[in-house]
Amino acid sequence: MVLKAQQAHKMEASWEGPFTVQERLGTVNYLIAFPNSSLKPRVYHVNSLKPFYSRDLQVCQFTVQGDDAEWPDGVYYEGKKDGGVEEVNLSTTLERLQRQQIKELCTSFAPLFSATPGRTERAYHSIDTGNAHPIRTPPYRVSPHAQAAIEREIQNMLQMGIIRPSTSAWASPVVLVPKPDGEIRFCVDYRKLNAVTRPDNYPMPRTDELLEKLGRAQFISTIDLTKGYWQVPLDEPAKERSAFVTHAGVYEFNVLPFGLRNAPATFQRLVDGLLAGLGEFAVAYLDDVAIFSDSWPEHLLHLEKVFERIRQAGLTVKAKKCQIGQNRVTYLGHQVGRGTINPLQAKVDAIQKWPVPRSKKQVQSFLGLAGYYRRFVPHYSQIAAPLTDLTKKTQPNAVKWTDECQKAFTQLKATLMSDPVLRAPDFDKPFLVTTDASERGIGAVLMQEATDHNFHPVVFLSKKLSERESHWSVSEKECYAIVYALEKLRPYVWGRRFQLQTDHAALKWLHTAKGNNKKLLRWSLALQDFDFEIQHITGASNKVADALSRESFPESSS
């Protein structure tokens, strides 16, 4: 395979081939021939070459975003799975009789568990664009493999009745987005449509109230609806506005697609109606449905009632996402059950695992974070004095760490992780997310304004970039910081309007990014689920996220 400049965009390159190595010229150069082409053989450096491996089976490869790589290898498009009742996950703590009882219950509702989405008549999604004129955008250019995947997805969706051919005056382009479970999301870029859609202000449930209900329970089960949005039909005007354009033609959705504004409100309205009257033992936050009970006989009865409601609504459940009969579960960013509610340790891990600084610059980075909250720390200057002394011009770059320094370091970390600095979230107030990226890491903090009119942190986040990620452009790193932060903070901000602050001015165009940089485009579309406003702030005002992005990462020698 040869890395060649594109004809239309000389500054962009892509892998082409396979071609033939005709001759090796020295240690790093190769003469490459182009069979079935009028091009003459050309010399390429080894860095522009890679081996080609033929496959016995033609597949379209996609990759999944992980913690240490943007798109790790090894995930392939294989179409939909069976998703039968046998894939339901039962708690390992259940006794043999309890496991037998729950298997019998699930089997009695076997049609409920399916990889094929159902179709409810309990709700319809509308798209109110007022007097806006139809918006029609041409399709994005995609590779031949992606074209094949798009065609396959279209055929699958046509067979399931998800879409139909369209003659609509509206049209939005398509992008394929990998999902963590190995499947792909057929994603439509609805950003222009969303910009003219009037908001639906249906209220989201209070997360703290949901957690209090679950925390007292002895048995908890969580269930996930199969492609939840696809089980909600669109009304006729909305179908026209949902139209999307591909190289294979124009189609429109019969059901609620991902990425539409107001989709969370419609879905929450549906599940609230679904569980009406069952609030004593069942709750839902968007697609996170939980059933909780104080005893096993009650739990069986409660599960049966919820399953019956789901069946009557014409919905289906994704079996492999179901967790049945657990005594503790992770729900909305918390560990709940058996009378306790604990925030995930990741909430303060970024602070707790902060390593001992080895250089003056690392000390300054930590003090930048701690100093931002100095107004909440009594006698901050005295506590931090041993550390601030290390940053004086007369001190060497390699710091001399003393017992007094360690005491100050430990005390400041403990202060940052406790009241009055770290606060519990108040879901009646808006959230503020700030993000930043450095050469070797990314950081973020979720904050809220308190009654003292100061912003207090709710969650700290940081992540070291992999070697490959560290070579991304500044814009890509800053955008990745936003994507990483919002996925981690999803239980707090999804379904709510919030502000996002970054010191990288270029990211203010994130909602309008085009297809020139495929990575940024994919990330931009992945953020369509969130309702936020990007604000640019100066680097000097972004001290907390900046410090977290540099927290534990080696400094560059350059």
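In which crossing, left-handed or right-handed, does H1 pass H7? H1 passes H7 in a right-handed crossing; a crossing is right-handed if the near helix is turned clockwise from the far one by less than a right angle, and left-handed if anticlockwise. The model is predicted, with local features requiring pLDDT of at least 70 and side-chain atom pairs pLDDT 80 or more, while totals for chains, interfaces and linings use all residues. Residues are numbered from 1 along each chain as its sequence is written, and side-chain values use heavy atoms, without hydrogens and water.

Helix H1 spans residues 96-108 and helix H7 residues 296-312; their axes are 11 Å apart and form an angle of about 15°. The two helices are therefore roughly parallel, a term for angles under 35 degrees. On the H1 side, the contact (heavy atoms within 4.5 Å) involves Gln-98, Gln-101, Ile-102, Leu-105 and Cys-106. H7 contributes Trp-296, Leu-300, Leu-303, Glu-304 and Phe-307. By class, seven of these residues are nonpolar, two polar and one charged.

The protein as a whole has 15 helices and 25 strands, which are DSSP runs of at least four residues (H or I) and at least two (E), respectively. Of its 558 residues, 51% are buried, that is, under 20% relative accessible area, with exposed meaning over 50% and partly exposed in between (1.4 Å probe, protein chains only). Among contacts with a separation of 6 or more, 72% join residues 24 or more positions apart.

A search of the whole structure finds 15 aromatic pairs, in which ring centres of Phe, Tyr or Trp (its six-membered ring) lie within 6.5 Å. In one of them, Phe-244 and Phe-253 have ring centres 5.3 Å apart and planes at 50°, so the pair is tilted, being neither stacked (under 30 degrees) nor edge-to-face (over 60). Phe-244 is buried at 0% relative accessible area, and Phe-253 is buried at 1%. Ring pairs also link Trp-354, Phe-366, Trp-401 and Phe-409 into a cluster.

Most residues other than glycine have a negative phi, and most peptide bonds are trans.

A cis peptide bond, with omega of about 10°, joins Gly-17 and Pro-18. Pro-18 lies in the loop between strand E2 (13-16) and strand E3 (20-25).

Definitions and conventions
Axes fitted to C-alpha atoms, helices over the stretch in contact; angles between N-to-C directions. Parallel < 35°, antiparallel > 145°, perpendicular 65-115°, else oblique. Nonpolar A, V, L, I, M, F, W, Y, C, P; charged D, E, K, R; others polar.
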